[in-house]
Amino acid sequence: MQLKDSANSRIRSAHMDKKVKVRFAPSPTGDLHVGNIRTALFDWAYARHTGGTFLFRIEDTDTTRVTDEYIQAAIDTLKWLGLTWDEGPEVGGDNGPYLQSQRLDIYATWAQKFLDQKDAYYCYCTPVELEARREAQRAANVAPGYDGACRDLTQEQISDYKAQGRDAVVRMRMPDGSTTFVDQIRGEVSFDHKFVPDFVLVRGDGSPLYTLAVAVDDILMKVTHILRGEDLLSSTPRQIRVYQAMGIKLEDYPLFAHLPFVMGQDNTKLSKRNGEVSIAWYREQGYLPEAICNYLALLGWSPGEDRENVTMKELCELFTVEKVHSSPARFDMKKLEAINGDKIRALTLDDFLAWSLPFLEKAGVITGTQPEIDLVRSALPIIQERIVRLSEIPQMLKFLFVENFEVDADCISKITDDASKAVLKRALKELEALSQWNHDSIEGALRSSLIEELGLKPRVAFGSVRIATTGSTISPPLFESMELLGKEASLARITAALAL
RNA sequence: GGCCCCGUCGUCUAGCGGCCUAGGACUCUGGCUUCUCAAGUCAGCUACGAGGGUUCGAAUCCCUUCGGGGCUACCA
């Protein structure tokens, strides 16, 4: 099967008249991770860029590893990220069902057809036998793979195996020759069939494998572009083999584009060992969907023109497969944080409030009453440029809500010396006299008394007041914080500090 | 081992034969600003894996080599 440039251009031109349909087809054997999401994002962006269809399909043919919880989690994660699909679970479509476990009869029909056509055959080798032969191949330094033992079984041999009660798998016959296809990112890629052994389509128990289901579904669901991880690159010849057996015309083959990996810090495939990979974790940590998508989009792709910050809308406008490159990228948490900080700063007050409340409630800082929400709302502007993750909000605003206020243990010694006591005493006196309580009046009073009259350095003078009122050396701007805290509480805290 | 993919600052990238004494961003370092922390701003550090070609000219094209990764399942 040669699928060289001329064929590629035939497929491409055939596709020009067709509406683009891109699919994201994860196998939910765990929470969706960073790599899955980058793939989903590119799939989605390309579909949106071309005005095509984004199809979401669940590949749950491995029933021992896929669970309903993971399937639901995958659906939720995509929704949370805003990667909405046009065909798939929950929304339906003309090519469903979209769970492979609900399409078993379809795969069985095709497998039978391949058997009838002699494209596939029953293989009675047991896993133990296969493993032993592979071991021997390795020892003999021969490419391991199925040796074709059951390719041309006689009736006798078959009855013999059946009599032994052996299960048979359905195996695809790989003809001699090679498969060449044009990857839209990597260019022409070629595999000699010597290194693509006959592969299993249907298990001994009659259930289909990925190799069968993925190819059948992409064709039946009329997928035009397959953008997926590069780990699937070497399985492409098998997929193309199934298209052939299905009798699909060359121009109806989907176009392949294998995306580069997202690697961990230690330059191995991202896993739990070398960083947080579950999107659920990022959600809990207070990363915004738009920040995650923006950052992930930069892994293997670039908007160009020295630009990095893009909205989801801009991503859709700018994204093309041609600009994706072929080399793997390393995941960098620091940069994600920087982008998350940018996105948080760009939030409107209403949006920021909406994102903040769940974190404050979960941390037990507020219960959700209207007065609390009002206070949060007025406090958010002074912390907006000080956080990179939403999960930092409770810590920053806690001082406004705690009932039994206490100064951080490691800060107490910094305000118990004589000099600090003098500062606090004077501050208390000045503040008590204030008739107006806002950050201007507070600042005016403290500046004229502590800085001008006592001649103290601002950082020294305000530092003591900061610790006394907010409990820490690090806080939002002091005068605004005191305004939000209120006169009564501010004075009470300074008084309490003097008693330490 | 075999097959396949990949190789520009520490990291993500721009670059697609002359605009490159290689640009941007993150990180790091130093300065400014400053009530702390941030934010903002200025500056600095640091890269075309190596070796051969092709060419008047190469980060850009070719070859070799080295390095990294993936696959090699009745996983996907």
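How many of the nine residues of H10 are buried? Eight are, which leaves H10 mostly covered. Buried stands for under 20% relative accessible area, exposed for over 50%, and partly exposed for the range in between (1.4 Å probe, protein chains only).

1. Basis. This is a predicted model, where local features need pLDDT of at least 70, side-chain atom pairs count only at pLDDT 80 or more, and totals for chains, interfaces and linings use all residues. Residues are numbered from 1 along each chain as its sequence is written, chains are lettered from A and ligands numbered from 1 in the order in which they are written, and side-chain values use heavy atoms, with hydrogens and water left out.

2. Domains. Chain A is assigned domain 1 (1-86 + 210-346), domain 2 (106-202), domain 3 (349-400) and domain 4 (409-498). The bounds come from an automatic or database domain assignment. The centres of domain 1 and domain 4, taken over C-alpha atoms, are 54 Å apart.

3. Main core. The largest nonpolar core holds 80 residues. A nonpolar core is a set of buried Ala, Val, Leu, Ile, Met, Phe, Trp, Tyr and Cys residues joined through side-chain atoms within 4.5 Å. Leu41, Phe42, Leu78, Leu296, Phe331, Val376 and Leu397 have the most contacts inside this core. Helix H2 (residues 34-50) supplies its largest share, nine residues. Helices (H or I, at least four residues) and strands (E, at least two) are DSSP runs, numbered from the N terminus. The core lies between domain 1 (1-86 + 210-346) and domain 3 (349-400), because both give residues to it.

4. Phe42, and a second core. Leaving out residues up to four places away in sequence, Phe42 touches Leu227, Leu259, Leu296, Ala297, Leu299, Trp301, Phe319 and Val324. Contact here means heavy atoms within 4.5 Å. There is also a second, separate core of 36 residues. Val170, Ala213, Val216 and Met221 are among its members.

5. H10 and H12. The buried residues of H10 are Pro289, Ala291, Ile292, Cys293, Asn294, Tyr295, Leu296 and Ala297. Helix H12 (residues 333-345) buries Leu336, Glu337, Ile339, Asn340, Gly341, Lys343 and Ile344. These buried residues of H12 pack against helix H9 (279-285), H10 and helix H13 (349-362).

6. Geometry of H12. H12 has 13 residues and reaches 18 Å from its first C-alpha to its last. That is close to the 18 Å expected at 1.5 Å a residue. The expected span is 1.5 Å times one less than the number of residues. Asp332 caps the N-terminal end: one of its side-chain oxygens lies 3.2 Å from the backbone nitrogen of Lys334.

7. The S5–S6 hairpin. Strand S5 (residues 178-183) pairs with strand S6 (residues 187-192) in the antiparallel sense, over six bridges. Strands count as paired if DSSP finds at least two bridges between them. Three residues separate S5 and S6 in this hairpin. Val182 stands opposite Glu188 in S6.

8. Thr180. Thr180 sits in strand S5. Thr180 counts as buried because its relative accessibility is 1%. Its side chain makes a polar contact of 2.9 Å with the side chain of Ser190. A polar contact is a pair of N or O atoms within 3.5 Å; within protein, one must be able to donate a hydrogen and the other to accept it, and residues adjacent in sequence count only if both atoms are side-chain atoms.

9. Backbone points to check. The peptide bond from Gly96 to Pro97 is cis, with omega near -5°. Pro97 lies in the loop between helix H3 (68-81) and helix H4 (104-116). Lys222, not a glycine, has a positive phi near 60°. Lys222 is in the loop between helix H7 (210-220) and strand S8 (225-229), and is exposed at 56% relative accessibility. Glu305 is not a glycine either, yet its phi is positive, about 55°. The loop between H10 and helix H11 (312-318) holds Glu305, which is exposed with a relative accessible area of 74%.

10. Gln265 lies in the loop between strand S10 (262-263) and H9, and is partly exposed at 45% relative accessibility. Gln265 and Met333 are 68 residues apart along the chain, with 9.2 Å between their C-alpha atoms. Val128, in helix H5 (residues 127-139), is exposed at 66% relative accessible area. Val128 and Ala168 are 40 residues apart in sequence and 14 Å apart in space, C-alpha to C-alpha.
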